[in-house]
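Please read this briefing alongside the sequence and the 3D view that follow. The points are grouped by topic, so that each can be checked against the display in turn.

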Amino acid sequence: MHVAQRFDFLIVGSGIAGLYCALLARQHGTVCVLTKGSIDECNTKYAQGGIAAAVGADDDPALHLRDTIEAGAGLVDEAAARILVEAAADRIQDLVTFGVPFDAVDGEVALGKEAAHSRNRILHAGGDSTGAHIEISLSNLAQMSRITIKEHVQVERIVVERGRAVALEALDTRTNVTTRFEGGAIVLATGGCGQLFRVTTNPVIATGDGVALAYRAGAEVQDMEFIQFHPTALRLPGVPIFLISEAVRGEGALLKNEDGERFMPGYHEKAELAPRDVVARAIVSEMARTRTDHVFLDITHLDATRVTARFPQIYRYCMDHGLDMTREPIPVSPAAHYIMGGVRTNTWGETTLPRLYACGEVACTGVHGANRLASNSLLETVVFAKRIVQRTAESADSAAPLTEDARELPPFGNEGGTAPDRASLQALMWDKVGIVRDGAGLEEASRQLWAWRAALPEPHDRPSHELANMLLAGRLMAEAALMREESRGAHYRTDFPEPVDAWRRHITFRRKV
Ligand SMILES: Cc1cc2nc3c(=O)[nH]c(=O)nc-3n(C[C@H](O)[C@H](O)[C@H](O)COP(=O)(O)OP(=O)(O)OC[C@H]3O[C@@H](n4cnc5c(N)ncnc54)[C@H](O)[C@@H]3O)c2cc1C
């Protein structure tokens, strides 16, 4: 292993959470960002719809809070959500200062609408290229700053000494050399885990590394059963999965089944703008009824110029694959999109392990509860990154309190088996831990994931580390989903189809170390 390098801040990940945190932290000490691909490989750059903030004349953070709590189906941490909505306008201003060019109309910021928001409050950039604009602005600035950026360096272990996170071991995936990086504060900003599922909007980096690293180090992990499946990803044979933003439905697009019938009014009073889990399940049931693998999203009744101006990226992508969305309906189906759970933090981004912080999609701050309100995730990254940097300046060794009933993943017997490949894991997760679940399928998935993990050789390169991390993150999801004997938010079980009051609580895992 190479000699240790030391920084005041070690930040893992170069999406919005990692870069924004690095840009703030540089005022307080030396900063190193470690990222396993090139700097712009992340979920952030694919974000389309935008970032939510109650900045409209008819809006108020209290309304944003109400919508967030309602979407979260009884599990939102109200204190954290209040911080989220009240800090939104200031953090948007920071992004503008960092160069993010939000769209404006007649000199006023343009505000879009998305499902389950009671007001138009989604700021966007480049129409539907919000994430790309954010990522480019922040990465340009970071590269011009005195921030050390280590690309193609995959963190494989958090080193814990005397009960504190003190260092990271990270593999340079081009030279195969492992280096120890020591840090005053370690921030996990590793993003989500959509790659655990066969159909996903997430890019290849989203393999749940942060959750696996934190769990192995003894930090708590919470709400892993709550995966948001986006209802509308483009479904064309041989074409990579591509998100069709909810904002398209916000603008008036209608969902129709194979027979050309609009079906959402029969499922929910808010029709196409019902919560994502409701729309995703309605689509699954329409696909089953009509025996197809897609439904249609129809926006042909809207003015073509408005559609192409508001959704230039989606329009171009569809045109590249022979589809003119202004003239014909788009075939779509649900895809794994976002994880509400993750590494448990308090409202300062502190995990239960001193000196380890988590921020962005990898974190579970509690603001999303059992279901995320659209466009709250980009907002969460900046609100809590700011608080992490504030906290490190004030207090070095504090941590989130431990959860009394946190449990360890249960072992199965020493079952033999063969090591899986990524595709088998994704198929298992999609079929058994996907949009519609049941106890038998979840048990089977957990057992299979355990057996696969037992058969896996010691990881030695990026793909094998990712596979090991995906197996662990998958088990945390399957076990939590098995324990939660009810349906709530994004978690739906056919054997327990209703919410149960006694389950209005979190499921938390912590490994004994
Ligand atoms: C298609 C799509 C559209 C979306 N649209 C919206 C939207 O309109 N509004 C909204 O609010 N949200 C949206 N989301 C969700 C939002 O984009 C993400 O939640 C957010 O960008 C996450 O940011 P992050 O910085 O936490 O993670 P990411 O942007 O995913 O960054 C994670 C970083 O960690 C690195 N990393 C991971 N593991 C390791 C490791 N072991 N070692 C080193 N580096 C590692 C990765 O390489 C990457 O650089 C969308 C997501 C997708 C996929």
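Predicted model: local features only at pLDDT ≥ 70, side-chain atom pairs only at ≥ 80, totals over all residues.

When the whole structure is searched, five cavities of 30 Å³ or more are found.

**The largest cavity**

- The largest cavity holds about 70 Å³ of space, and its lining is made up of six nonpolar, two polar and three charged residues.
- Among the residues that line the largest cavity are Ala-71, Ala-115, Ala-116, Gln-228, Glu-246 and Pro-275, and the lining also includes Arg-276, Asn-371, Arg-372, Leu-373 and Ala-374.

**The second largest cavity**

- In the second largest cavity there is about 50 Å³ of space, with a lining that counts five nonpolar, two polar and three charged residues.
- Its lining includes Ile-227, Gln-228 and Phe-229, together with Arg-276, Asp-277, Ala-280 and Arg-281, and Asn-371, Ile-435 and Ala-490 also belong to the lining of the second largest cavity.
- Strand E13 (227-234) and helix H7 (276-290) are the elements that each contribute two or more residues to this lining, and H7 supplies the largest share, with four residues.

**An open sheet of four strands**

- Four strands form an open sheet in the order E20-E18-E12-E21, and their pairing is mixed.
- Strand E20 (363-364) and strand E21 (508-509) are at the edges and have a single partner strand each, so one side of each of these strands is left without a neighbour in the sheet.
- Strand E12 (residues 221-222) pairs with E21 in the antiparallel sense over two bridges, and within this pairing Val-221 has Phe-509 of E21 as its bridge partner.

**Two alanines with a positive phi**

- Ala-73, although not a glycine, has a positive phi of about 50 degrees, and this residue is placed in the loop between helix H2 (61-71) and helix H3 (78-97).
- Ala-73 is partly exposed, with a relative accessible area of 23%.
- Ala-271 is likewise not a glycine and has a positive phi of about 45 degrees, and its place is in the loop between strand E15 (254-256) and H7.
- Ala-271 is buried, as its relative accessible area is 10%, and the cut-off for buried is under 20%.

Definitions and conventions
Residues numbered from 1 in each chain as written. Heavy atoms only, no water. Pairing = 2+ DSSP bridges. 1 Å grid on protein atoms, 1.4 Å probe; cavity = no way out; pocket = protein on both sides within 12 Å on 5 of 7 lines; lining within 4 Å. Points joined across faces, edges and corners; volume = space filled by probe spheres on them. Nonpolar A, V, L, I, M, F, W, Y, C, P; charged D, E, K, R; others polar. Buried < 20%, exposed > 50% of the residue type's maximum accessible area, 1.4 Å probe, protein only.
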